[in-house]
Amino acid sequence: MWCSRTALGRLQKIAPCTVTGFHRAISTLPKVYVTRKVPPDGLDILRKSGQVQFEMWDSDDPVPRVELLKKVKGCDGILCVLTEKIDAQLLDAAGPNLKVLSTMSVGFDHLSLDELKKRSVVRVTFRDSFLEVCVVYVALCVPRGIRVGYTPEVLTDAVAELTVALLLATSRRLIEATHEAKTGGWGTWRTLWLCGHELANSTVGILGLGRIGVAIAERLKPFKVKKFIYTDVEPRPELAKMIEAEYVSLDELAKESDFLAICCALTPETHGICNWNLFSKMKKNAIFINTSRGGVVNQEDLYEALSTGVIAGAGLDVTTPEPLPTHHPLYTLKNCVILPHVASASYTTRNSMSALAANNLLAGLRGEPMPKELKL
């Protein structure tokens with residue numbers, strides 16, 4: 001429901017004569033659609049700003065596509081999450097009023113950047129009252145002019161913490177151990193039962209060294225890691241210096257890493273980069289961890305590597321698709337730990353993300369610099 005309607009109803013009872021003016025004032029506010037029930041900090045910012053009228057899909061489940069296409073029509077702004085595909089169909093449905101798109105995510109692979117940058121088709125109609133005819137012109141050269149906000153940095157700590165937790169759970173076989181304890185497998189003490197791999201004196205590799213990669217390394221350093229190595233599209237000396245990491249090639253990263261953490265963004269260049277070519281070069285005791293995007297991993301190749309002992313284990317917080325179907329072969333493997341994309345799932349981080357998304361939206365609608373804007 002539009003957030004202004006409750007206030008309007010109360011005002012009708014108190015001061016009927018002011019309702020018309022109030023309604024006109026509300027109707028001139030930018031119209032915003034929020035595609036999901038987002039954490040309260042962001043909603044409070046929108047409500048208290050008095051700068052927008054907004055409607056929200058009040059559910060933890062995704063808004064149906066048909067409903068989404070209907071609700072965005074005529075909106076000035078959209079606040080979305082990563083499950084909403086923002087493509088040509090949606091942008092066309094929203095129409096030329098759309099000025100700002102704010103996503104509550106650090107990743108933006110759900111946004112069609114090419115479509116956002118495209119020039120839109122505008123239908124312009126002129127009426128000649130004297131001749132009583134309607135002349136229609138179609139202009140093809142008007143840029144969409146949509147600004148995009150996103151939420152980097154605020155989730156760095158939460159993702160780094162979860163990555164370390166997933167790494168430890170996988171390498172020390174904690175999920176297996178819990179299952180054995182619950183199901184009667186815990187018998188007499190055995191010398192090599194449920195043994196895993198420790199971080200002390202190990203080499204940790206990072207694919208994609210950014211803020212999150214650095215934060216992961218900082219948290220792993222007290223475990224007496226011997227060496228950090230990384231690869232990226234180019235060396236990142238300033239970030240590498242913070243964790244004393246060495247730049248290597250992708251092949252060297254695969255061959256040398258005892259633990260390999262995937263932290264890169266999903267791009268056409270990184271899509272499927274973690275494939276058999278990578279896994280076949282890794283150590284047999286290597287642990288593979290992905291908390292970036294599922295699309296960077298070829299899951300069929302990963303299954304083959306895990307099921308044949310090419311690598312020791314894998315921990316995944318992201319998959320393709322999401323949710324991963326319960327019959328997927330990866331679930332049958334004891335050496336594969338799969339989480340339901342919860343890396344940023346802390347109360348503090350999710351509220352910070354929603355607040356930043358709301359502030360990005362409001363700043364964009366005012367024509368001001370966004371706190372975090374994705375430059376198109």
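The chat below goes through a predicted model of one protein chain.

Biologist: What are the ground rules here?
Modeller: The model is predicted, so local features need pLDDT of at least 70 and side-chain atom pairs pLDDT 80 or more, while totals for chains, interfaces and linings use all residues. Residues are numbered from 1 along each chain as its sequence is written, and side-chain values use heavy atoms, without hydrogens and water.

Biologist: How many helices and strands in the protein chain?
Modeller: The protein chain has 14 helices and 15 strands, taken as DSSP runs (H or I, at least four residues; E, at least two) numbered from the N terminus.

Biologist: Where is serine 202?
Modeller: In the loop between α8 (174–182) and β8 (203–207).

Biologist: Buried or exposed?
Modeller: Serine 202 is buried, at a relative accessible area of 3%; buried means under 20%, with a 1.4 Å probe and protein chains only.

Biologist: What does the side chain of serine 202 reach?
Modeller: The backbone oxygen of leucine 199, at 2.5 Å.

Biologist: And which residues does serine 202 touch, leaving out those up to four places away in sequence?
Modeller: Val225, Lys226, Lys227, Asp258 and Phe259. Contact means heavy atoms within 4.5 Å.

Biologist: Switching topic: which residues touch the most other members in the largest nonpolar core?
Modeller: Val34, Leu46 and Leu220, out of 48 residues. Such a core is a set of buried Ala, Val, Leu, Ile, Met, Phe, Trp, Tyr and Cys residues joined through side-chain atoms within 4.5 Å. Another core, of 28 residues, lies apart from that one and includes Ala286 and Cys336.

Note on methods:
Buried means under 20% relative accessible area, exposed over 50%, partly exposed in between (1.4 Å probe, protein chains only). A polar contact is a pair of N or O atoms within 3.5 Å; within protein, one must be able to donate a hydrogen and the other to accept it, and residues adjacent in sequence count only if both atoms are side-chain atoms.
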